[in-house]
Amino acid sequence: MENNEIIARATEVGKLIKESELMKAYEAAEAAYVNDTDLQKMIQEYSVQQQALAQESAQSVPNAFLVETLENRIQDLYKEITTRKSAADFFETQDKVRALLTQVNEAIMKEVTGEDPNAHNGCTHDCSTCGGCH
């Protein structure tokens, strides 16, 4: 099999993934995430607050009250962002897409190397504790 045929088949797999229900859900979740203006404002404020905290913390004598205030605001924003439906849906579907891509890559590597990439999970390097590597 020539390289261009291998690439063509990989492209087919990519198209299958792109057309999957999972990718459709991911794209919808991403659009909702990006178009949630209140969420985007919170993310922007979160970033600004983190920059302010980093600048204040870098001072030779940081203002303890200001540091605490910034830390509290950052924590509040983090909770608001991560519990917002548009963000939670986006992060969840993003994780599922990553997991699928990992599974696809592992399936390819298993065929290429003949080894199951997950076979060594939990390896203690004490052969008496496992069922074997080979």
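**Getting to know helix α5**

The buried residues of α5 are covered by, among others, α2 (21-35), α3 (37-57) and α4 (64-83). Keep in mind as you look around that this is a predicted model. Which residues of α5 are buried? They are S86, A87, F90, T93, Q94 and V97. An α-helix has 3.6 residues a turn, so residues three or four places apart point the same way.

Now follow α5 from end to end. This helix runs over residues 85-113, and at 1.5 Å a residue its 29 residues should span 42 Å; the C-alpha atoms at its ends are 41 Å apart, which agrees with that expectation. After α5 comes G114, which has a positive phi, near 80 degrees.

Two packed helices are described by the angle between their axes and the distance between the axes. For α2 and α5 the angle is about 145 degrees, and the axes lie 8 Å apart. The crossing of α2 past α5 is left-handed. On the α2 side, the residues that take part are L22, M23, A25, Y26, A29, E30, A32 and Y33. They meet S86, A87, D89, F90, F91, T93, Q94, K96, V97 and L100 of α5. Sorted by class, this contact has twelve nonpolar, three polar and three charged residues.

Finally, visit the loop between α3 and α4, where you will find N63. Is N63 buried, exposed or partly exposed? Its relative accessible area is 39%, so N63 counts as partly exposed. A polar atom of the N63 side chain lies 2.9 Å from the backbone nitrogen of F65.

Note on methods:
Residues numbered from 1 in each chain as written. Predicted model: local features only at pLDDT ≥ 70, side-chain atom pairs only at ≥ 80, totals over all residues. Heavy atoms only, no water. Helix = DSSP H or I, 4+ residues; strand = E, 2+ residues; numbered from the N terminus. Expected span 1.5 Å × (residues − 1). Buried < 20%, exposed > 50% of the residue type's maximum accessible area, 1.4 Å probe, protein only. Contact = heavy atoms within 4.5 Å. Axes fitted to C-alpha atoms, helices over the stretch in contact; angles between N-to-C directions. Left-handed = near helix turned anticlockwise from the far one by under 90°. Nonpolar A, V, L, I, M, F, W, Y, C, P; charged D, E, K, R; others polar. Polar contact = N/O pair within 3.5 Å; in protein donor to acceptor, adjacent residues only side chain to side chain.
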